[in-house]
Amino acid sequence: MARRIAAGAAYGGGGIGLLGAAAVTLLLAEVQLAKRSVGGGTAPAPPGADGVYGTAFGLSDPLRLVLLGDSTAAGQGVRRAGQTPGALLASGLAAVAERPVRLFNVALPGARSDDLERQVGLALRDPARVPDVCVIMIGANDVTHRMPPTRSVRYLSEAVRRLRTAGAEVVVGTCPDLGTIEPVYQPLRWLARRVSRQLAAAQTIGAVEQGGRTVSLGDLLGPEFAANPRELFGPDNYHPSAEGYATAAMAVLPTLCAVLGLWPETDRLDADRHEGMLPVAKAAAEAASEAGTEVTGARAPWALLKHRRRRRLPVPAEPAPAEPRAAEARERAAE
(Lines give C-alpha, C1' and ligand atoms only; values in the text may rest on other atoms or scores of the structure.)
Protein backbone atom coordinates (compact mmCIF):
# COMPACT_ATOMS: atom_id res chain seq x y z
CA MET A 1 0.00 0.00 0.00
CA ALA A 2 2.84 2.39 0.83
CA ARG A 3 4.41 1.76 -2.57
CA ARG A 4 1.06 2.39 -4.30
CA ILE A 5 0.65 5.67 -2.42
CA ALA A 6 4.20 6.79 -3.25
CA ALA A 7 3.79 5.79 -6.90
CA GLY A 8 0.53 7.72 -7.08
CA ALA A 9 2.29 10.76 -5.61
CA ALA A 10 5.18 10.50 -8.06
CA TYR A 11 3.12 9.93 -11.19
CA GLY A 12 0.09 12.05 -10.45
CA GLY A 13 -2.33 9.30 -9.45
CA GLY A 14 -5.53 10.07 -7.64
CA GLY A 15 -6.19 9.55 -3.96
CA ILE A 16 -6.02 5.99 -2.72
CA GLY A 17 -8.75 5.45 -0.16
CA LEU A 18 -7.42 3.85 3.01
CA LEU A 19 -10.87 3.55 4.58
CA GLY A 20 -14.08 2.50 2.94
CA ALA A 21 -17.13 4.75 3.11
CA ALA A 22 -18.98 2.24 5.28
CA ALA A 23 -16.14 2.16 7.81
CA VAL A 24 -16.01 5.95 7.93
CA THR A 25 -19.74 6.11 8.59
CA LEU A 26 -19.49 3.61 11.44
CA LEU A 27 -16.67 5.59 13.02
CA LEU A 28 -18.21 9.07 12.89
CA ALA A 29 -19.62 8.77 16.40
CA GLU A 30 -16.25 7.75 17.81
CA VAL A 31 -14.53 10.58 15.97
CA GLN A 32 -16.88 13.07 17.61
CA LEU A 33 -16.19 11.56 21.03
CA ALA A 34 -12.45 11.78 20.44
CA LYS A 35 -12.73 15.41 19.34
CA ARG A 36 -14.57 16.28 22.56
CA SER A 37 -11.83 14.64 24.62
CA VAL A 38 -8.78 15.89 22.73
CA GLY A 39 -8.15 19.50 23.57
CA GLY A 40 -9.99 19.23 26.87
CA GLY A 41 -6.88 20.78 28.32
CA THR A 42 -5.26 23.87 26.91
CA ALA A 43 -2.11 23.61 24.79
CA PRO A 44 -0.16 26.86 25.02
CA ALA A 45 1.14 28.47 21.86
CA PRO A 46 4.64 27.16 21.11
CA PRO A 47 7.37 29.36 22.60
CA GLY A 48 9.79 31.03 20.23
CA ALA A 49 13.11 29.18 20.32
CA ASP A 50 14.93 30.77 17.37
CA GLY A 51 18.48 31.82 18.08
CA VAL A 52 22.01 30.51 18.55
CA TYR A 53 22.75 27.47 20.73
CA GLY A 54 26.13 26.24 21.90
CA THR A 55 27.55 29.72 22.37
CA ALA A 56 30.27 28.22 24.57
CA PHE A 57 31.87 27.20 21.28
CA GLY A 58 31.80 30.78 20.02
CA LEU A 59 29.47 32.63 17.68
CA SER A 60 31.29 32.44 14.36
CA ASP A 61 30.40 30.05 11.54
CA PRO A 62 27.36 28.40 13.12
CA LEU A 63 25.63 25.38 11.62
CA ARG A 64 22.19 26.34 10.32
CA LEU A 65 19.30 24.14 11.44
CA VAL A 66 15.73 24.73 10.20
CA LEU A 67 12.62 22.96 11.50
CA LEU A 68 9.55 22.65 9.28
CA GLY A 69 6.20 20.99 9.81
CA ASP A 70 3.25 21.13 12.18
CA SER A 71 2.66 21.65 15.91
CA THR A 72 5.03 18.83 16.84
CA ALA A 73 7.91 20.52 15.05
CA ALA A 74 6.89 23.88 16.49
CA GLY A 75 6.84 22.50 20.04
CA GLN A 76 3.23 23.15 20.94
CA GLY A 77 2.32 21.83 24.37
CA VAL A 78 5.31 23.16 26.35
CA ARG A 79 5.91 26.57 27.86
CA ARG A 80 9.68 27.06 27.72
CA ALA A 81 11.82 27.48 24.61
CA GLY A 82 14.35 24.96 25.89
CA GLN A 83 11.68 22.23 25.93
CA THR A 84 10.85 22.46 22.22
CA PRO A 85 12.26 19.86 19.82
CA GLY A 86 14.10 22.58 17.90
CA ALA A 87 15.96 23.77 20.98
CA LEU A 88 16.72 20.22 22.08
CA LEU A 89 18.07 19.25 18.65
CA ALA A 90 20.08 22.46 18.28
CA SER A 91 21.69 22.00 21.70
CA GLY A 92 22.45 18.35 21.04
CA LEU A 93 23.89 19.10 17.60
CA ALA A 94 26.08 21.87 19.03
CA ALA A 95 27.42 19.51 21.72
CA VAL A 96 28.33 16.82 19.17
CA ALA A 97 29.75 19.22 16.58
CA GLU A 98 31.43 21.43 19.22
CA ARG A 99 30.21 24.32 17.17
CA PRO A 100 27.38 26.86 17.56
CA VAL A 101 24.04 26.09 15.91
CA ARG A 102 21.60 28.71 14.67
CA LEU A 103 18.00 27.53 14.87
CA PHE A 104 15.27 28.87 12.60
CA ASN A 105 11.82 27.31 13.09
CA VAL A 106 9.17 27.90 10.40
CA ALA A 107 6.80 25.13 11.54
CA LEU A 108 3.17 26.11 12.02
CA PRO A 109 0.67 24.46 14.41
CA GLY A 110 -2.18 22.91 12.44
CA ALA A 111 -0.14 22.75 9.23
CA ARG A 112 -0.69 20.02 6.68
CA SER A 113 1.74 18.92 4.01
CA ASP A 114 0.38 21.46 1.53
CA ASP A 115 1.88 24.20 3.76
CA LEU A 116 5.39 22.88 3.17
CA GLU A 117 5.74 24.89 -0.03
CA ARG A 118 5.38 28.11 1.97
CA GLN A 119 7.66 26.88 4.74
CA VAL A 120 10.39 25.82 2.32
CA GLY A 121 10.16 29.28 0.75
CA LEU A 122 10.89 30.81 4.18
CA ALA A 123 13.75 28.40 4.80
CA LEU A 124 15.38 29.24 1.46
CA ARG A 125 14.50 32.92 1.26
CA ASP A 126 18.16 33.96 1.62
CA PRO A 127 20.31 32.15 -1.00
CA ALA A 128 23.42 33.17 0.91
CA ARG A 129 22.24 31.32 4.01
CA VAL A 130 21.07 27.93 2.84
CA PRO A 131 20.44 25.66 5.86
CA ASP A 132 23.00 22.97 6.56
CA VAL A 133 20.22 20.61 7.60
CA CYS A 134 16.43 20.69 7.80
CA VAL A 135 14.16 18.56 9.98
CA ILE A 136 10.58 18.06 8.82
CA MET A 137 7.87 16.65 11.10
CA ILE A 138 4.46 16.44 9.47
CA GLY A 139 1.57 14.13 8.65
CA ALA A 140 -0.78 13.94 11.65
CA ASN A 141 -3.04 16.73 10.40
CA ASP A 142 -3.10 15.14 6.94
CA VAL A 143 -4.66 12.05 8.54
CA THR A 144 -7.13 13.87 10.78
CA HIS A 145 -8.26 16.11 7.90
CA ARG A 146 -8.38 13.16 5.49
CA MET A 147 -6.01 14.61 2.93
CA PRO A 148 -5.53 12.01 0.16
CA PRO A 149 -2.25 10.26 0.98
CA THR A 150 -0.96 10.62 -2.57
CA ARG A 151 -1.27 14.41 -2.27
CA SER A 152 0.33 14.37 1.17
CA VAL A 153 3.36 12.41 -0.05
CA ARG A 154 3.61 14.53 -3.22
CA TYR A 155 3.89 17.75 -1.16
CA LEU A 156 6.49 16.21 1.13
CA SER A 157 8.55 14.80 -1.73
CA GLU A 158 8.56 18.16 -3.47
CA ALA A 159 9.69 19.89 -0.27
CA VAL A 160 12.55 17.42 0.19
CA ARG A 161 13.55 17.81 -3.46
CA ARG A 162 13.68 21.61 -3.23
CA LEU A 163 15.74 21.57 -0.03
CA ARG A 164 18.17 18.96 -1.36
CA THR A 165 18.55 20.83 -4.66
CA ALA A 166 19.42 23.97 -2.69
CA GLY A 167 22.15 22.06 -0.88
CA ALA A 168 20.51 21.31 2.49
CA GLU A 169 20.52 17.88 4.10
CA VAL A 170 17.03 16.68 5.09
CA VAL A 171 15.77 14.46 7.91
CA VAL A 172 12.04 13.66 7.96
CA GLY A 173 10.24 12.56 11.11
CA THR A 174 7.40 10.55 9.59
CA CYS A 175 3.73 10.62 10.57
CA PRO A 176 3.22 9.69 14.23
CA ASP A 177 0.98 6.83 15.29
CA LEU A 178 -2.37 8.48 16.06
CA GLY A 179 -3.55 5.22 17.60
CA THR A 180 -1.62 6.12 20.76
CA ILE A 181 -3.84 9.09 21.62
CA GLU A 182 -5.74 8.21 24.80
CA PRO A 183 -9.23 9.51 23.87
CA VAL A 184 -9.28 7.40 20.67
CA TYR A 185 -11.17 4.14 21.23
CA GLN A 186 -11.48 0.89 19.28
CA PRO A 187 -12.04 0.31 16.43
CA LEU A 188 -10.99 3.87 15.57
CA ARG A 189 -7.70 3.32 17.41
CA TRP A 190 -6.82 0.34 15.19
CA LEU A 191 -7.77 2.20 12.01
CA ALA A 192 -5.92 5.35 13.08
CA ARG A 193 -2.79 3.27 13.68
CA ARG A 194 -3.14 1.52 10.32
CA VAL A 195 -3.64 4.74 8.36
CA SER A 196 -0.82 6.52 10.21
CA ARG A 197 1.64 3.73 9.54
CA GLN A 198 0.70 3.48 5.88
CA LEU A 199 1.26 7.20 5.44
CA ALA A 200 4.55 7.03 7.38
CA ALA A 201 5.82 4.25 5.12
CA ALA A 202 4.77 6.15 1.99
CA GLN A 203 6.47 9.31 3.32
CA THR A 204 9.65 7.30 3.80
CA ILE A 205 9.62 6.09 0.21
CA GLY A 206 8.98 9.60 -1.13
CA ALA A 207 11.61 11.29 1.07
CA VAL A 208 14.34 8.69 0.51
CA GLU A 209 13.83 8.74 -3.25
CA GLN A 210 14.44 12.51 -3.16
CA GLY A 211 17.69 12.16 -1.20
CA GLY A 212 16.45 12.62 2.36
CA ARG A 213 16.67 10.38 5.40
CA THR A 214 13.75 9.44 7.61
CA VAL A 215 13.22 8.54 11.25
CA SER A 216 9.94 6.86 12.14
CA LEU A 217 8.12 8.71 14.89
CA GLY A 218 5.68 5.83 15.24
CA ASP A 219 3.94 6.04 18.60
CA LEU A 220 5.71 9.36 19.10
CA LEU A 221 9.10 7.77 19.42
CA GLY A 222 9.05 4.61 21.34
CA PRO A 223 7.21 2.36 23.77
CA GLU A 224 7.69 5.00 26.46
CA PHE A 225 4.57 6.74 25.15
CA ALA A 226 2.43 3.65 25.41
CA ALA A 227 3.79 2.85 28.86
CA ASN A 228 3.64 6.39 30.30
CA PRO A 229 1.00 8.32 28.33
CA ARG A 230 0.14 10.65 31.19
CA GLU A 231 3.76 11.71 31.55
CA LEU A 232 4.57 11.98 27.87
CA PHE A 233 1.43 13.71 26.58
CA GLY A 234 0.68 17.33 27.35
CA PRO A 235 -2.40 18.81 29.06
CA ASP A 236 -4.58 18.54 25.94
CA ASN A 237 -3.94 14.74 25.69
CA TYR A 238 -2.69 15.26 22.14
CA HIS A 239 0.61 17.13 21.99
CA PRO A 240 3.72 15.76 23.69
CA SER A 241 4.88 17.02 27.06
CA ALA A 242 8.43 18.20 27.71
CA GLU A 243 9.44 14.57 28.43
CA GLY A 244 7.77 13.48 25.22
CA TYR A 245 9.63 15.99 23.09
CA ALA A 246 12.91 14.99 24.76
CA THR A 247 12.22 11.35 23.87
CA ALA A 248 11.54 12.32 20.27
CA ALA A 249 14.64 14.51 20.02
CA MET A 250 16.86 11.74 21.40
CA ALA A 251 15.73 9.47 18.58
CA VAL A 252 16.17 12.07 15.80
CA LEU A 253 19.52 13.51 16.96
CA PRO A 254 21.74 10.56 15.88
CA THR A 255 20.39 10.73 12.32
CA LEU A 256 20.72 14.52 12.33
CA CYS A 257 24.38 14.16 13.29
CA ALA A 258 25.01 11.31 10.86
CA VAL A 259 23.68 13.23 7.88
CA LEU A 260 26.19 15.99 8.65
CA GLY A 261 29.08 13.55 8.99
CA LEU A 262 29.32 14.04 12.76
CA TRP A 263 28.34 10.52 13.76
CA PRO A 264 30.55 7.45 13.33
CA GLU A 265 29.47 5.64 10.18
CA THR A 266 30.28 2.02 9.46
CA ASP A 267 29.57 -0.30 6.58
CA ARG A 268 28.83 -3.05 9.08
CA LEU A 269 25.16 -3.56 9.77
CA ASP A 270 24.23 -4.99 13.17
CA ALA A 271 21.95 -7.96 12.65
CA ASP A 272 21.29 -8.13 16.39
CA ARG A 273 19.71 -4.69 16.10
CA HIS A 274 17.67 -5.78 13.06
CA GLU A 275 19.66 -3.59 10.68
CA GLY A 276 20.00 -4.47 7.04
CA MET A 277 19.81 -3.45 3.39
CA LEU A 278 16.31 -3.91 1.99
CA PRO A 279 14.21 -2.74 -0.94
CA VAL A 280 13.01 0.78 -0.15
CA ALA A 281 9.36 -0.21 0.22
CA LYS A 282 10.24 -3.10 2.54
CA ALA A 283 12.49 -0.89 4.66
CA ALA A 284 9.76 1.76 4.84
CA ALA A 285 7.18 -0.76 6.03
CA GLU A 286 9.48 -2.14 8.72
CA ALA A 287 10.42 1.35 9.91
CA ALA A 288 6.77 2.36 10.20
CA SER A 289 6.17 -0.54 12.58
CA GLU A 290 9.13 0.24 14.86
CA ALA A 291 9.55 3.77 16.16
CA GLY A 292 12.98 5.37 16.04
CA THR A 293 14.10 3.48 12.93
CA GLU A 294 16.20 5.32 10.34
CA VAL A 295 15.91 4.68 6.60
CA THR A 296 18.67 5.96 4.31
CA GLY A 297 18.81 5.55 0.58
CA ALA A 298 21.53 3.32 -0.84
CA ARG A 299 21.85 2.18 -4.46
CA ALA A 300 18.35 2.21 -5.98
CA PRO A 301 16.07 0.46 -5.26
CA TRP A 302 17.78 -0.43 -1.96
CA ALA A 303 17.82 1.37 1.37
CA LEU A 304 19.65 0.96 4.68
CA LEU A 305 17.55 0.23 7.75
CA LYS A 306 19.32 1.37 10.93
CA HIS A 307 18.61 1.57 14.64
CA ARG A 308 21.04 4.14 15.95
CA ARG A 309 21.78 4.25 19.65
CA ARG A 310 20.18 7.18 21.41
CA ARG A 311 22.18 9.52 23.61
CA ARG A 312 21.15 11.84 26.38
CA LEU A 313 20.61 15.45 25.40
CA PRO A 314 22.30 18.41 27.10
CA VAL A 315 20.02 20.79 28.94
CA PRO A 316 19.45 23.67 26.48
CA ALA A 317 20.51 27.10 27.63
CA GLU A 318 18.47 30.10 26.56
CA PRO A 319 19.38 30.85 22.94
CA ALA A 320 21.26 33.94 21.92
CA PRO A 321 18.78 36.36 20.28
CA ALA A 322 17.58 35.44 16.81
CA GLU A 323 18.33 37.67 13.89
CA PRO A 324 15.56 40.11 12.91
CA ARG A 325 14.80 38.20 9.73
CA ALA A 326 13.85 35.08 11.75
CA ALA A 327 11.52 37.01 14.02
CA GLU A 328 9.90 38.77 11.07
CA ALA A 329 9.42 35.49 9.24
CA ARG A 330 7.73 33.97 12.30
CA GLU A 331 5.37 36.93 12.51
CA ARG A 332 4.48 36.56 8.81
CA ALA A 333 3.86 32.84 9.31
CA ALA A 334 1.53 33.57 12.22
CA GLU A 335 -0.42 36.03 10.09
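A salt bridge is a side-chain nitrogen of Lys or Arg within 4 Å of a carboxyl oxygen of Asp or Glu. The structure is a predicted model, in which local features need pLDDT of at least 70 and side-chain atom pairs count only at pLDDT 80 or more, while totals for chains, interfaces and linings use all residues. Residues are numbered from 1 along each chain as its sequence is written, and side-chain values use heavy atoms, with hydrogens and water left out.

How many salt bridges does a search of the whole structure find? The search gives 7. To describe their surroundings, a residue is called buried under 20% relative accessible area, exposed over 50%, and partly exposed in between (1.4 Å probe, protein chains only). By this scale D126 is partly exposed at 24%, and R129 is partly exposed at 29%.

A further salt bridge links the side chains of R99 and D61 at 3.3 Å, N to O. R99 sits in the loop between helix 4 (85-97) and strand 3 (101-105), and D61 in the loop between strand 1 (51-53) and strand 2 (63-69), so the pair ties together parts that are 38 residues apart in sequence. Here helices (H or I, at least four residues) and strands (E, at least two) are DSSP runs, numbered from the N terminus. R99 is partly exposed, with a relative accessible area of 27%, whereas D61 is exposed at 55%.

The salt bridge between R213 and E294 spans 3.3 Å, N to O. Because R213 belongs to strand 6 (residues 213-215) and E294 to strand 8 (residues 294-297), this pair ties together parts that are 81 residues apart in sequence. Are these two residues buried or exposed? Both R213 and E294 are buried.

E294 has another partner to look at. The side chain of T255 makes a polar contact with the side chain of E294 at 2.7 Å. A polar contact is a pair of N or O atoms within 3.5 Å; within protein, one must be able to donate a hydrogen and the other to accept it, and residues adjacent in sequence count only if both atoms are side-chain atoms. T255 lies in helix 11 (residues 242-259) and is buried, with a relative accessible area of 1%. Setting aside residues up to four places away in sequence, T255 touches V171, R213, V215, E294 and R308, where contact means heavy atoms within 4.5 Å.

Now for strand 2, where 6 of the 7 residues are buried. Strands pair if DSSP finds at least two bridges between them. Strand 2 runs parallel to strand 3, joined by 5 bridges, with V66 opposite F104. Another 5 bridges join strand 2 to strand 4 (residues 133-137), also in parallel, and G69 has M137 as its bridge partner there.

A nonpolar core is a set of buried Ala, Val, Leu, Ile, Met, Phe, Trp, Tyr and Cys residues joined through side-chain atoms within 4.5 Å. This core has 34 residues, and those with the most contacts inside it are L65, L89, V135 and L256. Helix 11 gives the most, with 8 residues. Beyond its neighbours within four places in sequence, V135 is in contact with residues including L65, L89 and L256. A second, separate core of 23 residues includes I5, L199, V280 and A303.
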